[in-house]
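Have a look at the structure first, and then we can go through it together.

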Amino acid sequence: MPVLWPIVRFEWRRMRRNFAPVFFALAFPVLMLCMFGGIYGNEPSAQFDGRGTVDMSVPAYLVLVVAVTGLMSFPLGLAEYRDRKVLKRFRATPVDASAFLVAQGLVNLALTLLGALLLVAAGYLFFGLHLPATPGAAAATAGALVLCALAMYALGGVVAAVARSERAAVAIANLVYFPMIFLSGATIPLQIFPDAMKTVSAALPATYAVELLQHAWLDGAADVALDLGVLAGVVVLGTAAAARLFRWE
């Protein structure tokens, strides 16, 4: 698909001019880390089974990165292009229309990777973040991050598919995004949630993403089979629903 890379380069230049996804994927997680890391440090805590706040926070904050690109940037980009008839005109060209979707996905995944690297580097340099202890743990963390990203992008695809307009997509994406990041343990540790809120968090896919990433990174306690099953189910069902419901115009 020789036409793909020019589209990817165009989408990357367009992304760099889009303040919101760049800020929330690259700067916001680092700011959160600096704020709470500055307050609590990274000393071992009995509340986190002997681990530091930063050690617990960085795997969880990775979900912030994949959520903003998967649930906000990806579907809102598609909805904007559909609302402005860009997708309709694109389909009238000889170029395979799927190249546009692939380019959107690749650019957002690149932004995800860059945000994750910045977050880990900030934790390591400023707060003495403990990296995964073994190559196996590092590989498991990378695999968990890929699965979490696929789950968020599948949900983002559903948002783009069901929204009737760009404004509707913004509203739906916000309704999905904010509970995902504030009630899943991605920003506030689940350990301090009351039981009623833990019940709510159990209904959110991002909760299982946080648990899986923390388990892979820290080798902590988690029901890995449940986490993998929920996220894989979201990927399969979300992708199928998005493919069936998506409209080009």
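Let us start with a charged pair: glutamate 11 and arginine 14 form a salt bridge, with their closest N and O atoms 3.5 Å apart. A salt bridge here is a side-chain nitrogen of Lys or Arg within 4 Å of a carboxyl oxygen of Asp or Glu. This is a predicted model, in which local features need pLDDT of at least 70 and side-chain atom pairs count only at pLDDT 80 or more, while totals for chains, interfaces and linings use all residues. Residues are numbered from 1 along each chain as its sequence is written, and side-chain values use heavy atoms, leaving out hydrogens and water.

**The salt bridges**

Glutamate 11 and arginine 14 are three residues apart in helix α1, so about one helical turn separates them. Helices are DSSP runs (H or I, at least four residues), numbered from the N terminus. Glutamate 11 is buried because its relative accessible area is 3%; buried means under 20%, exposed over 50%, and partly exposed in between, with a 1.4 Å probe and protein chains only.

Arginine 14 also meets the side chain of glutamate 80 in a salt bridge, at 2.7 Å from N to O. That pair links distant parts of the chain, with glutamate 80 in helix α3 (residues 53-83) and arginine 14 in helix α1, 66 residues apart. Glutamate 80 is buried too, with a relative accessible area of 17%.

Glutamate 166 forms a salt bridge with arginine 84, the closest N and O atoms being 4.0 Å apart. Glutamate 166 lies in helix α7 (residues 166-182) and arginine 84 in the loop between α3 and α4 (86-91), so this pair ties together parts that are 82 residues apart in sequence. Glutamate 166 is partly exposed, with a relative accessible area of 23%.

The count comes to four salt bridges, among them these:

| Glutamate 11 | Arginine 14 | 3.5 Å |

Glu11, Arg14, Glu80, Arg84 and Glu166 are linked in a network of salt bridges.

**Two sequence separations**

Glutamate 80 and serine 165 are 85 residues apart in sequence, and their C-alpha atoms are 7.8 Å apart in space. Alanine 171 and valine 86 are also 85 residues apart in sequence, with 21 Å from C-alpha to C-alpha. Alanine 171 sits in helix α7 and counts as partly exposed because its relative accessibility is 41%.

**Surface patches**

Patches are made of residues with over 30% relative accessible area and no salt bridge; like charges are joined within 9 Å, and nonpolar side chains (Val, Leu, Ile, Met, Phe, Trp, Tyr) within 5 Å. Trp5, Val102, Leu106 and Leu109 make a nonpolar patch of about 350 Å². Helix α5 (residues 98-127) gives the largest share of this patch, three residues. Valine 102 is placed in helix α5, and its 37% relative accessibility is why valine 102 counts as partly exposed.

A positive patch is formed by Arg9, Arg13, Arg16 and Arg17. Arginine 9 belongs to helix α1 (residues 4-16).

**Cysteines**

How many disulfides does a search of the whole structure find? The search finds zero, a disulfide being a pair of cysteine sulfur atoms within 2.5 Å. Cysteine 34 is partly exposed, at 30% relative accessibility, whereas cysteine 148 is buried, at 0%.

Conventions:
Areas by Shrake-Rupley, 256 points an atom, 1.4 Å probe, with all protein chains shown as cover. Lys, Arg positive; Asp, Glu negative; His and termini not counted. Charge placed at Lys NZ, Arg CZ, Asp CG, Glu CD. Helix = DSSP H or I, 4+ residues; strand = E, 2+ residues; numbered from the N terminus.
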